[in-house]
Amino acid sequence: VSARQVYVEDVRREFVEEFVWAAVQAGALYEERYPLGTALARPCIARRLVGIARREGAPYVAHGATGKGNDQVRFELSCYALCPSIKVIAPWRLPEFYRRFPGRRELMDYAEKHGIPVPVTPQTPWSMDENLMHISYEAGILENPKVIHHLPPRRLRGRGRPGRPQTNWKFHGGPCVAGEAGPGSAGVPVKVTNAKDGATHQEALELFVYLNEIAGKHGVGRIDIVENRFIGMKSRGIYETPAGTILYHAHLDIEAFTMDREVRKIKQGLALKFSELVYNGFWHSPECEFVRLCIGRSQEAVEGRVRLAVLKGQVYVLGRESPRSLYNEELVSMNVQGDYEPADATGFININSLR
């Protein structure tokens, strides 16, 4: 059997605008640590895969995800949601395949025998997933959670140079347009300016790539964690999410500055639900669509500018300003009384101490 048609398509822009920006709005972290780099990419890939299958009249699609991981679930739930009649071929779950190739060693031997170049070697047998948002490492020697890894830093797009001294950033939130996920919508970045050299980027993809470059130089966004897979087992993963980490901190800061306290409590619960749905493969589900719309509505007032610095793997928030700020400098000041009567606090404390 030979290939009849090959599609090589650039979906980076839609990945950033429709998937990454939604995660930025949500402040999404799975189990409080993982920024969902792989999980966000799968529904984007599956959507284009199903679109091409329909265009070609193909009744089948296939993927190379293993039978133990999350990606098989993410790909297939997305495909079935978008095209219920599609049939999925998953070789790693076919007995005739996994009995012949029970592990990566056998696959590497097969590739070597047939002259197939692969980036994995017996010395570096881990699994890598690289996309615009992140790179991940799993399996191989990393399956032992106490092994200290010696993976080269900033493998993301080959940028591995040491970082320079402090670089300052400006982050702009968008105007108030609820329920959208593109540039200019509330709670997503619309401009980044390097305070050191004045370089400015506004288009979504260009902005995100630029942040990846700068953050990668400073080692920002590197984590080593053990997480709970949807399928029911724990796994160890090493992730690097440079731009996503900068934007997480920038958005978190301007959101806390502009969003009502009680609204934000509800939004934090929605962010937790969003993260679980995306991690588990339910992006193309009615409940995830509903949660995204609710989060988008919460972002109407998330607009402003944040100044940050990145240095030696860390992101530091230095200051912020917003025309939608809920911060009242006079009210909170220790130097002036403002529109506040301190004696009122006595009753407030007494009522709260009744129990």
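How do strand β10 and strand β11 pair, and over how many bridges? The answer is the antiparallel sense, with seven bridges between residues 305-311 of β10 and residues 314-321 of β11. Before I go on, please keep in mind that this is a predicted model.

Let me stay with that pair of strands for a moment. R305 stands opposite E321 in β11. Two residues lie between β10 and β11, and the strands form a hairpin. In the turn, K312 has a positive phi of about 50°.

Next, a helix. α6 covers residues 204-217, which is 14 residues. From its first C-alpha to its last, α6 reaches 20 Å, close to the 20 Å expected at 1.5 Å a residue.

Is α6 largely enclosed or largely open? Of its 14 residues, 11 are buried, so the helix is largely enclosed by the rest of the structure. Buried here means under 20% relative accessible area.

Now the two ends of α6. At the start, a side-chain oxygen of E203 comes to within 3.1 Å of the backbone nitrogen of L205. Just after the helix, G219 takes a positive phi of about 70°.

The largest pocket has a volume of about 1,500 Å³. It is lined by 50 residues, and those closest to its centre are G64, A65, T66, R104 and S127. Several elements give two or more residues to this lining: the helices α2, α3 and α5, and the strands β3, β4 and β9. Which of them gives the most? That is α5, with five residues. By class, the lining of the largest pocket divides into 25 nonpolar, 13 polar and 12 charged residues.

The second largest pocket holds about 470 Å³ of space. Its lining has 15 residues, and R4, Q5, E56, A58 and Y60 lie nearest the centre. The elements that give two or more residues here are α2 and β1, and α2 has the largest share, at four residues. The classes in this lining are 11 nonpolar, two polar and two charged.

One link to take away concerns α2, which spans residues 37-56 and gives two or more residues to the lining of the largest pocket; α2 also gives four residues to the lining of the second largest pocket.

Note on methods: Residues numbered from 1 in each chain as written. Predicted model: local features only at pLDDT ≥ 70, side-chain atom pairs only at ≥ 80, totals over all residues. Heavy atoms only, no water. Expected span 1.5 Å × (residues − 1). Buried < 20%, exposed > 50% of the residue type's maximum accessible area, 1.4 Å probe, protein only. Polar contact = N/O pair within 3.5 Å; in protein donor to acceptor, adjacent residues only side chain to side chain. 1 Å grid on protein atoms, 1.4 Å probe; cavity = no way out; pocket = protein on both sides within 12 Å on 5 of 7 lines; lining within 4 Å. Points joined across faces, edges and corners; volume = space filled by probe spheres on them. Nonpolar A, V, L, I, M, F, W, Y, C, P; charged D, E, K, R; others polar. Pairing = 2+ DSSP bridges.
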